[in-house]
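Me: I have a predicted model open here and would like to understand the terms used for it. Could you take me through them one at a time?

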Amino acid sequence: MSSCITPPYSRKNPFPGLLRTNRRLTASGSAKDTRHYEVSIAGSGLLYEAGDSLGVFPQNDPLLVEEILARLRFDGHELVSNPSGDMIPMREALLRHYAITEPSKQFLAAIGEKDPAASHFSAWSAPESKEHLETYLWGREVIDPLLEHPEVHFTPEEFVKLLRKLQPRLYSIASSPKMYPEEIHLTVATVAYEALGRQRLGVCSTFLASRVTEDIPVSIFIHSAKHFRLPEDPSRHIIMIGPGTGIAPFRAFLQDRKATGAPGKHWLFFGDQRRDTDFLYREELESMHKEGTLHRLHTAFSRDQQDKIYVQHRMLEEAQELYSWLEEGAYFYVCGDASRMAKDVEHALLKTIELAGGKSPEDAAAYIDAMKKEKRYRKDVY
Ligand SMILES: Cc1cc2nc3c(=O)[nH]c(=O)nc-3n(C[C@H](O)[C@H](O)[C@H](O)COP(=O)(O)OP(=O)(O)OC[C@H]3O[C@@H](n4cnc5c(N)ncnc54)[C@H](O)[C@@H]3O)c2cc1C
Ligand SMILES: NC(=O)c1ccc[n+]([C@@H]2O[C@H](COP(=O)([O-])OP(=O)(O)OC[C@H]3O[C@@H](n4cnc5c(N)ncnc54)[C@H](OP(=O)(O)O)[C@@H]3O)[C@@H](O)[C@H]2O)c1
């Protein structure tokens, strides 16, 4: 039987965890607000492993809820069904149960039916209109089409039926249970950007950053990531590519390997915008490097010079040594941005193997395929 059974708490029955620490990791002057959180799971019976993620059920921004209520002339006490069919007050439904930032196709189509000036919304439900729909939706939230079509009205129940269910967000766990059995640490970039003249706030990252207090429990669950575990053999070396919040599971890996005194070696490539403001966990990493838990540490601060330097540039500079670790059977891990970083890192890995291993592009690709088959190439990207 696995050691990772977590009854009675689960996604369907989340644990009310208490947020004990909310500390900014990025210094003032940074373009980002990336934070370290510590959630107490004391008494929960929850078990996790380095590599797992934490599911967090967020609540929506109350100011946005009030804006929607005012626009629809609801007082918030109207009884509406929640996604499970129970009747609850409208304000609570919008705070906790429905997604009020991502408009659904059905919601747009309903506006299209009510306002001739928005009739094109109805046509966008068709699969061939995906591009139009995506262009319109970029940077828009539920409030935007409501404000753009001020004559449109809904009954309370009609409105909530057009909203999506509010989904939990996943975060890579940044602690090892071997060091913190009763806590879960996270590394979260707060999402905030401006679009169409309004400030937009990521639901869950801003919920954690500014709406959760020490006495308000957060509904959480463990999302097991069997594909992203440390090697079973503690003597295997690990290479970790973790720019930005991608550092999170590698902090957990290093804590885990330190706790067990694993003889394998550890190499971390970390990158972010600027060394002075964005070197997440700098002191911890430098101290682990000094004491010998982290054998090699390479950093790439993209905006400290005119030309961007990314983790993959550091990999190529270290191609010989990287290849020799791979030849010794090292596991290769990547965590962080899926849209570009993970692909560029794979390309750099290919180049490393070609250059340092003296292989053709085809042989280097076959080398990576073999690593994947042996499960020595592990990704957790988002
Ligand atoms: C397995 C896994 C592990 C993860 N681990 C971590 C982690 O360790 N740390 C972490 O910070 N995140 C992590 N994430 C991402 C996390 O789950 C959330 O997606 C993230 O925090 C954003 O959620 P939110 O609710 O704050 O934002 P949302 O309300 O979901 O808003 C995000 C959306 O806003 C839009 N958006 C964002 N920025 C812009 C912009 N500049 N311009 C236009 N539109 C924009 C995009 O549509 C984006 O999808 C992980 C995801 C997965 C799947
Ligand atoms: N304010 C915000 O709302 C905000 C801010 C940042 C990130 N985000 C989003 O939040 C998520 C997490 O961000 P994060 O803090 O973990 O950091 P991130 O955006 O992934 O950036 C981490 C580092 O990776 C660099 N990078 C960019 N493209 C890369 C590539 N192709 N290959 C390798 N490195 C690359 C970045 O450089 P450069 O940025 O200098 O190119 C930065 O130095 C991302 O999905 C991102 O889109 C939101």
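Me: What makes residues in the shell around ligand 1 nonpolar, polar or charged, and how do they divide?
Reply: The class follows from the residue type: Asp, Glu, Lys and Arg are charged, for instance, and Gly is put with the polar ones. On that basis the shell of this predicted model divides into twelve nonpolar, eight polar and two charged residues.

Me: Which residues come nearest to ligand 1, and what puts a residue around it?
Reply: The test is a C-beta atom within 6 Å of the molecule. There are 22 residues around ligand 1, and Tyr193, Gly202, Cys204, Ser205 and Tyr382 come nearest. Two or more residues each are given by strand E8 (169-172), strand E9 (183-189), E10 and helix H8 (203-211). E8 gives the most, with four residues.

Me: How far apart are domain 1 and domain 3, and how many residues does their contact take?
Reply: Contact is judged residue by residue, with C-beta atoms within 7 Å, and it takes 21 residues from domain 1 and 21 residues from domain 3. On the side of domain 1 that touches domain 3, E9 gives the most, with four residues. By class, that side has ten nonpolar, nine polar and two charged residues.

Me: What about ligand 2: which residues are closest, and which domains does its shell draw on?
Reply: The shell has 24 residues, and the closest are Gly244, Thr245, Ser302, Tyr310 and Arg340. Elements that give two or more residues are strand E10 (192-195), strand E14 (266-272), helix H12 (311-317) and helix H14 (341-357). At least three residues come from each of domain 1 and domain 3. By class, the shell around ligand 2 divides into eight nonpolar, nine polar and seven charged residues.

Me: Why are E8 and E9 called edge strands?
Reply: Look at the open, antiparallel sheet of six strands, in the order E8-E3-E12-E1-E2-E9. E8 and E9 each have a single partner strand, so one side of each is left without a neighbour in the sheet. Neighbouring strands here are turned by 40 degrees against each other on average, direction ignored.

Me: How do you know that E3 and E8 pair?
Reply: Pairing asks for at least two bridges. Strand E3 (residues 53-57) and E8 have four bridges, in the antiparallel sense, so they qualify as a pair. Leu54 stands opposite Tyr171 in E8. H8 packs on this sheet, touching strand E2 (34-40), E3, E8 and E9, and its direction makes about 120 degrees with that of E9.

Me: What makes residues of H3 buried, and which are they?
Reply: Buried asks for 20 or more other C-beta atoms within 10 Å of a residue's own. In helix H3 (residues 105-114), Phe107, Leu108, Ala110, Ile111 and Gly112 are buried. These buried residues pack against helix H4 (119-123) and helix H6 (143-148).

Terms used. Residues are numbered from 1 along each chain as its sequence is written. Chains are lettered from A and ligands numbered from 1 in the order in which they are written. This is a predicted model: local features need pLDDT of at least 70, side-chain atom pairs count only at pLDDT 80 or more; totals for chains, interfaces and linings use all residues. A residue is buried if 20 or more other C-beta atoms lie within 10 Å of its own, exposed if 12 or fewer, and partly exposed in between; C-beta atoms are placed from the backbone. Two residues are in contact if their C-beta atoms, placed from the backbone, lie within 7 Å. Domain bounds come from an automatic or database domain assignment. Axes are lines fitted to C-alpha atoms, for helices over the stretch in contact, and angles run from 0 to 180 degrees between N-to-C directions.
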